[in-house]
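Hello,

Here is the structure for you to look over. My notes follow below it.

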Amino acid sequence: MPREIALREVKDLVGQEIGVSDWIVVDQTMIDQFADATHDHQFIHTDPEKAATDSPFGGTIAHGFLTLSLLSAMNYNSLPHIREQTMGLNYGFDKIRFGSPVRCGRRIRGRFTLTEARLRGAGMLMTTYEVTVDIENERKPALVATWTTIVQFDPKDRPDDWD
């Protein structure tokens, strides 16, 4: 996938996987920092010794919301930049499912399939992605989600030939 595309090219990518991010290591430092930021210090995330003996995971696991929050980094890392974009916004999720825990020390990556792209107003493009977060060497993904974002652009750059 090219690193930069024109706004008018986005509609031709609907139905295609348009990005696969680099792998991200989810280590205990990242998990602990997320726990501090969210005030979620459940032992399965922050106490490796107790998690090893008192949980079914054999050690600590990432918060599901940590995995979800890494989608932004995965997005920036893997999706092409739209040349005319002035700003991007997170519009929200229609579905999020956490399929498998991300064990501490594992690597994850995001896969993005563009399922919808439609112009809204004079200077907005709404894009919807089916996103899967893979865990390296595991069959079942960490999460699957339907994610909608907004690409803002100058109205003068609105394509005339958008269907």
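The side chain of Glu136 meets the side chain of Arg107 in a polar contact at 2.8 Å. A polar contact is a pair of N or O atoms within 3.5 Å; within protein, one must be able to donate a hydrogen and the other to accept it, and residues adjacent in sequence count only if both atoms are side-chain atoms.

Before the rest, the ground rules. This is a predicted model, where local features need pLDDT of at least 70 and side-chain atom pairs count only at pLDDT 80 or more, while totals for chains, interfaces and linings use all residues. Numbering runs from 1 along each chain as its sequence is written, and side-chain values use heavy atoms, with hydrogens and water left out.

Glu136 sits in the loop between E7 and E8. Helices (H or I, at least four residues) and strands (E, at least two) are DSSP runs, numbered from the N terminus. Glu136 counts as partly exposed because its relative accessibility is 22%. The cut-offs are under 20% relative accessible area for buried, over 50% for exposed, and partly exposed in between (1.4 Å probe, protein chains only). Glu136 is in contact with Trp23, Arg106 and Arg107, leaving aside neighbours within four places in sequence. Contact means heavy atoms within 4.5 Å. Gly121 is 15 residues from Glu136 along the chain, and their C-alpha atoms are separated by 40 Å.

Asn137 lies in the loop between E7 and E8 too. Asn137 is exposed, at 76% relative accessible area. Its phi is near 65 degrees, a positive value in a residue other than glycine. Most residues other than glycine have a negative phi.

**Helix H1**

H1 covers residues 28-38, and its buried residues are Gln28, Ile31, Phe34 and Ala35. They fall within an arc of 125 degrees seen down the axis, so they line one face of the helix. The arc is that of the directions from the helix axis to the C-beta atoms. These buried residues pack against strand E3 (24-26) and helices H2 (43-46), H3 (48-54) and H4 (64-69). Exposed Gln33 and Ala37 are on the face turned away from the buried side.

Take Gln28. Its relative accessibility is 17%, so Gln28 counts as buried. Its side chain reaches the backbone oxygen of His45 at 2.8 Å. Gln28 touches His45, Thr46, Pro48, Thr60 and Cys104, not counting residues up to four places away in sequence.

His39 lies in the loop between H1 and H2. It is exposed, at 68% relative accessible area.

In H5, Leu71, Met74, Asn75 and Ser78 are buried. Down the axis of H5, they fall within an arc of 105 degrees, so they line one face of the helix.

The largest pocket has a volume of about 470 Å³. A pocket, on a 1 Å grid over the protein atoms alone, is an open set of points where a 1.4 Å probe fits, with protein on both sides within 12 Å along at least five of seven lines; lining residues have an atom within 4 Å of a point. Its lining has 23 residues, and Asn75, Tyr76, Leu79, Gln85 and Gly88 lie nearest its centre. H5 (71-78), E4 (81-82), E5 (85-98), E7 (124-135) and E8 (143-153) each supply at least two lining residues.

Best wishes

Notes: Grid points are joined across faces, edges and corners, and a volume is the space filled by probe spheres set on the points.
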